Amino acid sequence: MSRVFPVEKYEKDFLLKLLRDMVLIRRVEEKAGQMYGLQKIGGFCHLYIGQEAVATGSIAAIDLTKDYVLTTYRDHGHALVCGMDPGVLMAELFGKVTGCAKGKGGSMHLFDREKHMYGGHGIVGSHIPLATGVALKIKYKEEDGVVLCYFGDGAIHQGAFHESLNMAKIWDLPIVYICENNQYGMGTNYQKVSSVHDFYIMSNSYGIPGKQVDGMNVLEVYEETKKAVKQAREQGLPSFLEIKTYRYRGHSMSDPAKYRTREELEEYRQQDPILLLKNAMVEKNIITEEEYKRIDDEYKKVANQAVEFAEKSEEPGLEALYEDVLA
Amino acid sequence: MPIITYREALRSAMDEEMARDENVILLGEEVGQYDGAYKVSQGLLDKYGPKRVIDTPITEEGFTGVGIGAAMAGLRPIVEWMTFNFSIMALDQVINNAAKMRYMSGGQFKVPIVFRGPNGPAEYLAAQHSQALQSLFVHIPGLKVVAPATPYDAKGLLKSAIRDDNPVVFLEGELMYSWKGEVPEEEYLIPIGKADIKREGSDVTIVTYSKPLRIAEQAAQELEKQGIQAEIVDLRSLRPIDEETIYNSVKKTNRCVIVDESWPMVSVASHVGWMVSKFCFDYLDAPVELVTSEDVPMPYNHKLELAAQPSVEKVIKAVKKVLYI
C-alpha cells in the first residue's frame with residue numbers, strides 16, 4: 001500500500017496533537033497490559049495498540065462540544081482522545097471509586113457524559129442503534145452535532161448494524177458509521193465469515209456512501225472523517241467508513257493470538273501509525289528525533305502517574321452496590 | 001365521570017404528555033399513518049406530526065435501540081411494540097442497554113423511556129402471538145414494570161411512566177383495549193409501585209394484575225353468593241412491587257391465592273407466593289395457591305387455549321382449597 005503523508009499542509013501544532021494523542025494511547029495501553037499481567041486489572045481488557053490512528057484521526061475531525069462518540073468495548077483509545085484523564089481511566093480499569101464509572105463499569109464501559117463520550121459498550125453491534133438514536137436526538141432538536149459510531153469488523157454482520165443504517169438513511173441522520181476493520185473478529189479472520197471482503201460497499205445497499213480508509217495513516221483518517229462529518233453536519237446525511245487497521249495484541253488480554261503468523265504481525269509493525277507520522281514529520285524537519293523522544297518520555301510518565309493515581313485510589317464502599325440502579 | 005376505553009385512556013395519557021413536554025416522542029411500527037396496529041395512537045400523527053410520531057421499519061432491535069440512545073441524549077421516547085411477542089427481538093436493547101446504562105456508567109446517564117404494547121394471551125393467535133412475557137422484564141434490575149388493568153389505572157400509570165427518569169416496561173393487553181371504565185377529565189397521576197385494593201373482603205386475598213383482574217372479580221362475585229368475601233389486590237406495578245399492601249391484606253384474611261396469566265415457573269406469581277409464604281408465614285391458615293397459565297405454548301384451538309389460561313372456575317377452586325371447603 002502506497003502512503004502519502006503531506007505533513008507540510010498542516011500546522012505543526014495540529015500534527016503534534018495527533019502524534020501526542022497516539023503516543024498517549026500507546027503508552028497508557030502498554031501500561032494497562034502490564035497492570036493486567038500484575039493482576040491489578042481483571043476480566044476482559046481489550047487493548048487498542050496498533051489502532052491508535054483511527055480514534056486519533058477521526059476524533060480530531062469533530063467538535064466534542066456538540067458532537068458525540070460511541071464505541072465498543074475496545075474503548076480506551078477513544079476515551080483518551082475525547083479527553084478522559086488517563087488517571088481516571090486507569091482507576092476505572094483498577095475498579096476504583098475515582099474511575100469514570102466509580103469502578104462499576106471497568107475496561108469495557110468507559111463513559112464521560114460531559115465530554116460526549118457515550119461509552120464503552122460490551123455487546124457486539126448493540127450500541128449501533130444507540131448511536132443512531134443520539135443522531136435522532138440531534139436532528140429532532142435541530143442541533144448542529146454529528147455522531148461518530150465505531151465498531152469492529154465482527155459487528156458488521158449483526159442485524160443491529162443493518163437496521164441502523166436503514167433508519168439513518170430513511171430519516172437522514174447526522175452520523176458517521178466507522179468500521180474499524182482490524183481483520184479479526186476475536187480469532188476469526190474477517191474474510192472467512194463475510195460474503196464480501198470490502199466492507200465499505202455494504203452501505204451502498206442502504207443508499208449510504210461508503211469509503212475504505214487506510215487506518216495506519218492518521219492524516220488520511222482525519223481527512224476522510226472530516227469529509228463525512230461535513231456531509232453529516234451540512235446536509236444531515238449518514239455515511240460509512242471502513243477503516244482498515246490492525247491490532248498488535250490479541251482480542252483481549254487472555255488471547256495469545258495463535259490464529260495469525262508472526263510474519264503478519266511484523267508486517268504491520270513496519271507500518272506502525274505512530275512511526276509513520278513521526279518519520280514523515282522528521283523527514284520534513286517539523287520535529288527532531290530528540291523532540292519525539294521527549295514526547296514519548298512525557299507520556300511514559302503520564303502512564304506511570306495514571307497507575308500511581310489508580311493504585312492510591314480507594315475501592316468503592318459496599319454501599320455503592322445498590323447505588324445507581326435507578327435514577 | 002366520563003366512561004372511556006382502556007385504549008382511549010392510553011391515548012389520552014400520551015396526548016397530554018406530548019402536549020406537556022416536547023421531548024416526548026412516539027416511535028414504533030404503524031404508530032403514525034396507520035393510527036396504531038390497535039388504534040392506541042389514533043390521531044396523534046395528525047396532531048403532533050411525523051417528527052414526533054415516527055413510523056419505523058419492522059426492526060424491533062433497531063428502533064428500540066434508537067429510542068434508548070435518544071433517551072440517553074435527552075429525549076423521552078415512548079417505544080410502541082406492536083405486541084410484546086415481538087419485544088423478544090429487542091430484548092438485548094432493553095436488558096443490556098436500557099436497564100444497565102445508569103449503573104455501568106456510574107450514574108452518569110438516565111434513560112427515560114417507556115416500552116409499551118399489548119402483552120399476554122389474546123384469542124386464536126397460537127403460540128407465537130399469544131404469550132405473557134412479563135417475567136422476562138420483571139427479572140431485570142434497572143427496569144420498572146407496570147401492568148394496569150383498568151382505564152383509570154392505565155392513564156395515570158402511563159403518565160407517570162412517561163415522566164419517570166428510568167426505563168419503564170408498560171404492559172397492556174389486546175383484549176383489554178376495549179374495556180371501559182371511569183376516567184376523570186382533570187389531570188391525575190398514579191405512582192409507580194403502589195398496588196390497589198380493587199375489592200375489600202375478609203376471607204381470602206386474591207393477588208392479581210392486568211387482564212386476570214376481571215376473572216378475579218367474577219370469581220369474587222360467585223364466591224360472595226356462597227358467603228365467601230374475597231379481597232382483591234391489584235398489583236398494578238410489578239417492579240417495584242408493593243409488598244406492604246399484599247402483606248397487610250394477607251395478614252387480615254390469612255389466606256392467599258395468586259392469579260397470573262403467565263407461565264408458572266419463575267413468574268410474578270411464584271415470587272409473590274414465596275414472599276407471602278415467608279413474610280406472612282405466621283398469619284397463613286393454608287399454603288398459598290397459584291392460578292397461572294398451563295406450562296405449555298398457547299394452542300390455536302379455542303377450547304384448548306381457554307383451558308391453558310386462568311379461569312373463573314380455576315380461581316374459585318383455588319379459593320376453596322385455601323379455605324379447606
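Modeller: In chain B, the buried residues of helix 10 pack against strand 9 (196–199), strand 10 (204–208), strand 11 (230–234), strand 13 (256–259) and helix 14 (312–322). This is a predicted model, in which local features need pLDDT of at least 70, side-chain atom pairs count only at pLDDT 80 or more, and totals for chains, interfaces and linings use all residues. Residues are numbered from 1 along each chain as its sequence is written, while chains are lettered from A and ligands numbered from 1 in the order in which they are written.

Biologist: Which residues of helix 10 of chain B are buried?

Modeller: They are Pro212(B), Leu213(B), Ile215(B), Ala216(B), Glu217(B), Ala219(B), Ala220(B) and Leu223(B).

Biologist: Why is Ile49(A) called buried?

Modeller: A residue is buried if 20 or more other C-beta atoms lie within 10 Å of its own, exposed if 12 or fewer, and partly exposed in between, with C-beta atoms placed from the backbone. Ile49(A) has 21 other C-beta atoms within 10 Å, so it is buried. Ile49(A) sits in the loop between helix 1 (12–37) and helix 2 (52–59) of chain A.

Biologist: What does Ile49(A) touch?

Modeller: Touching means that two C-beta atoms, placed from the backbone, lie within 7 Å. Leaving out residues up to four places away in sequence, Ile49(A) touches Arg26(A), Glu29(A), Glu30(A), Arg247(A), Tyr248(A) and Arg249(A).

Biologist: Why is strand 8 of chain A described as largely enclosed?

Modeller: Six of the six residues of this strand (239–244) are buried, so the rest of the structure largely encloses it. Ser239(A), Leu241(A) and Ile243(A) are buried on one side, and Phe240(A), Glu242(A) and Lys244(A) on the other. In a regular strand, side chains alternate between the two faces of the sheet.

Biologist: How do you know that strand 4 of chain A and strand 8 of chain A pair?

Modeller: Pairing takes at least two DSSP bridges. Strand 4 (175–181) and strand 8 of chain A have six, in the parallel sense, so they pair. Val176(A) stands opposite Ser239(A), and Asn181(A) has Lys244(A) as its bridge partner. Strand 7 (210–214) and strand 8 of chain A are also parallel, over five bridges, with Gly210(A) opposite Phe240(A). The path from strand 7 through helix 7 (218–235) to strand 8 of chain A is a right-handed β-α-β crossover.

Biologist: What makes a crossover right-handed?

Modeller: With the strands pointing away from the viewer, the path from the first strand over the helix to the second must run clockwise. Strand 3, helix 6 (159–170) and strand 4 of chain A also make a right-handed unit. Strand 3 (147–152) and strand 4 of chain A run parallel, joined by six bridges, and Tyr150(A) partners Ile178(A). In strand 4 of chain A, seven of seven residues are buried.

Biologist: Why is helix 3 of chain B called largely enclosed?

Modeller: Of its 13 residues, 13 are buried, so the rest of the structure largely encloses it. Helix 3 of chain B (60–72) reaches 18 Å between its first and last C-alpha, close to the 18 Å expected.

Notes: Helix = DSSP H or I, 4+ residues; strand = E, 2+ residues; numbered from the N terminus. Expected span 1.5 Å × (residues − 1).
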